[in-house]
Amino acid sequence: LEQENNVAIMKQFPRVFSERDRGCHAKILENLLPAFVYEAEEMYVEGEHGTELYFLKKGEIRLFCDDPNHPDNSDGFLRTRFTVPLLHMKKGEVFGMASLINDVPHTATAIAEEYSEIYFLKKLVLVEIFYEWPSLLRRFHSLAKSRSTKVNDIKRTRDIPIDHKASPRGVLRTNSMVETATTSTKQAESE
């Protein structure tokens with residue numbers, strides 16, 4: 001049964017599991033954690049640093065950013081703030097990666113549009129996977145760069161400031177990812 005479930009997961013997320021290395025697949029699958037979110041529940045908030053990579057199994061998640069140009073956005077509470085919809089995540093999407101890869105705050109808030117089932121990987125595990133399979137890191141960087149371009153284009157049309165440090169447009173910053181993986185590996189070996 002577990003083998004069938006793993007095959008189903010791999011088919012649902014082809015961007016992640018196109019790596020041909022079975023060791024990579026096994027490492028991801030053994031560390032995926034299931035969770036669910038209710039309609040209107042926040043998964044992460046704009047400005048927070050990412051701690052997980054999300055895989056949307058079922059449901060819909062919308063990414064929003066605050067609209068700093070709206071006059072009613074002065075009370076400091078996200079739920080009462082006016083927001084701008086950025087991207088709509090559906091079944092099979094992977095998200096939350098730009099914050100993790102570039103070690104920058106999230107540029108959007110992720111809110112469930114309906115009851116949704118997800119899997120997630122903790123940052124430390126993801127760093128170890130990227131260290132061992134750098135081609136996966138490059139693929140995720142490319143996906144994050146493409147998605148950030150879409151988000152920034154939407155922000156530009158609404159005159160919303162863009163944090164260029166949070167956009168993975170330039171060089172892939174693997175040094176911090178590799179340092180974190182190396183440190184965690186050394187700590188595990190010494191225990």
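I count two strands as paired if DSSP finds at least two bridges between them, and I take helices (H or I, at least four residues) and strands (E, at least two) as DSSP runs, numbered from the N terminus. The model is predicted, and I therefore note that local features need pLDDT of at least 70 and side-chain atom pairs pLDDT 80 or more, while totals for chains, interfaces and linings use all residues. Residues are numbered from 1 along each chain as its sequence is written, and side-chain values use heavy atoms, with hydrogens and water left out.

Entry on strand S4. I looked up S4 (residues 61–66) and found that six bridges join S4 to S5 (residues 83–89) in antiparallel fashion, with Thr83 as the partner of Asp66. Five of the six residues of S4 are buried (under 20% relative accessible area, with exposed over 50% and partly exposed in between, for a 1.4 Å probe and protein chains only).

Entry on aromatic rings. I searched the whole structure and found nine aromatic pairs (ring centres of Phe, Tyr and Trp, the last by its six-membered ring, within 6.5 Å; planes under 30 degrees apart are stacked, over 60 edge-to-face and the rest tilted). Phe13 and Tyr119 have centres 6.5 Å apart and planes at 80 degrees, so this pair is edge-to-face; Phe13 sits in the loop between H1 (2–12) and H2 (22–31) and Tyr119 in S8 (residues 116–122), 106 residues apart. Both Phe13 and Tyr119 are buried, and together with Phe55 they form one aromatic cluster.
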